[in-house]
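Hi,

Here is the structure I said I would pass on. Have a look, and my notes follow below.

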Amino acid sequence: MNLAGKKILLGVTGSIAAYKTAHLTRLLIKSGAEVQIVMSTSAFDFITPLTLATLSKRPVLSQFKKDETGEWNNHVELGLWADLFLVAPLSANTLSKFALGICDNLLSAVYLSARCPVMVAPAMDLDMYQHPAVQSNLSQLASFGHHILHAESGELASGLSGQGRMMEPEHILEEVQNFFKISSDFKGKRILITMGPTQEALDPVRFISNHSSGKMGLALADAFVSRGAEVFVVSGPISLNVQKDKFHWNSVTSAAEMFEVSAKIHPEVDIAVFAAAVADYAPAEVADEKIKKDSSILSIKLKKNVDIAFELGKQKKINQIHIGFALETEREAEHAKAKLKKKNFDLIVLNSAKVAGAGFKVDTNQVDLFHASGETVQLALASKAKIAALILDQIKTIPVWV
Ligand code: CTP
């Protein structure tokens with residue numbers, strides 16, 4: 001794939017593999033990308049800035065301040081400029097800074113400011129690579145949604161042999177090309193996502209709700225954005241750290257509010273994903289004042305809430321795709337398939353409440369997908385980010401997808 005017009009910020013850190021960055025830079029430039037290199041000063045011991053500046057056709061940056069002109073290098077601007085921040089090689093030291101948010105040089109400041117997707121190619125000796133601290137830092141970066149280009153196996157600079165070699169430049173180029181191919185496959189699509197729980201007021205200080213964290217919905221919203229879509233989120237109350245300006249973000253509290261906001265957005269979208277755990281019932285009456293504990297038994301009358309997916313399913317246009325979720329505790333597949341039909345979904349994602357590592361609060365999930373066409377797909381336990389990416393791949397197989 002031609003990378004013309006793609007802006008790549010290439011971070012280089014102190015590792016013997018930095019010599020391969022010269023070749024990687026050439027490959028990226030030859031593919032048409034614009035490459036701006038940012039080095040940590042310890043990378044200077046392994047490759048000179050002059051070599052990389054010549055190959056990238058741009059001055060290499062490493063300091064906040066350029067000595068000769070006194071000009072300030074704006075790390076925020078650099079982070080905004082790039083379509084992709086690729087760090088190759090990523091040393092164990094810089095990896096730990098990224099995982100913890102430590103900012104003590106231009107490269108780590110650019111990392112914290114970068115708004116674009118991040119891809120890292122770690123390189124270190126095999127024992128270092130296997131160390132739980134390194135593996136946990138890599139998992140941390142993966143949980144941020146970064147792409148990890150895992151080290152390859154082979155002979156290492158120490159003379160030992162094992163996993164730790166930076167991925168070969170040709171393979172990194174393929175990953176970058178693949179990333180740009182995938183990152184635009186939802187371009188031009190408009191998506192509605194309901195997510196999180198709803199809260200149904202009992203009185204001014206109390207409500208009925210559920211344990212939904214919004215993690216799966218947010219992972220989907222992130223996946224759609226990173227693949228080029230415009231995403232309208234309608235979220236119940238959640239306590240996740242969210243970069244809301246990536247989305248058209250709407251915060252709501254009750255099911256009624258979630259329906260009102262979603263119904264306004266729905267006619268304009270190509271795909272609607274109903275990931276919210278909507279409370280099925282709400283108190284029939286909301287007390288104006290705090291309910292006092294006067295009696296030993298208190299009965300609360302509940303009324304059925306609007307079924308958002310069902311109502312909007314009735315309004316679904318021929319070219320719209322609807323995705324639903326189901327969380328079941330028994331006869332899972334049967335119940336999920338019944339909901340698929342009743343709510344006019346094209347695809348339903350079944351979370352089994354019984355699988356360890358799946359469900360509301362955790363970062364992993366295991367789901368089965370049922371298509372309206374009758375096809376069933378089982379996905380293995382994986383991070384919610386990975387599951388979200390696979391769900392997007394499945395959406396592309398739905399017949400009305402164009
Ligand atoms: N849903 C919705 N509005 C509701 C209830 C559910 O939009 N009031 C959506 C959910 O977001 C999910 C799907 O419908 O995509 C199925 O939700 P679930 O709670 O499993 O189904 P219910 O129809 O509520 O069935 P039950 O709780 O009886 O299992």
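Predicted model: local features only at pLDDT ≥ 70, side-chain atom pairs only at ≥ 80, totals over all residues.

Residues are numbered from 1 along each chain as its sequence is written, and side-chain values use heavy atoms, with hydrogens and water left out.

Most residues other than glycine have a negative phi, and most peptide bonds are trans. Pro 89 sits in strand S3 (residues 84-90), and the peptide bond leading from Ala 88 to Pro 89 is cis, with omega near 0°. Lys 57, in the loop between helix H2 (49-56) and helix H3 (75-81), has a positive phi, near 65°.

Now the ligand. It takes up the second largest pocket (more than half of a molecule's atoms must lie within 2 Å of the grid points). A pocket is an open set of points on a 1 Å grid over the protein atoms alone, where a 1.4 Å probe fits, with protein on both sides within 12 Å along at least five of seven lines; lining residues have an atom within 4 Å of a point. This pocket's volume is about 940 Å³, counted as the space filled by probe spheres set on the points, which are joined across faces, edges and corners. Its lining has 36 residues, with Ala 276, Ala 277, Val 278, Asp 280 and Phe 325 nearest the centre.

Around the ligand there are 15 residues, the closest being Phe 274, Ala 276, Phe 325, Lys 339 and Lys 343 (a heavy atom within 4 Å counts as near). S16 gives the most to this shell, four residues.

Which ligand atoms pair up with polar protein atoms? The cut-off for a polar contact is a pair of N or O atoms within 3.5 Å. A ligand nitrogen is 2.9 Å from a polar backbone atom of Val 306. The protein covers 76% of the 570 Å² of accessible area that the ligand has on its own (Shrake-Rupley, 1.4 Å probe).

Cheers

Methods:
Polar contact = N/O pair within 3.5 Å; in protein donor to acceptor, adjacent residues only side chain to side chain. Helix = DSSP H or I, 4+ residues; strand = E, 2+ residues; numbered from the N terminus.
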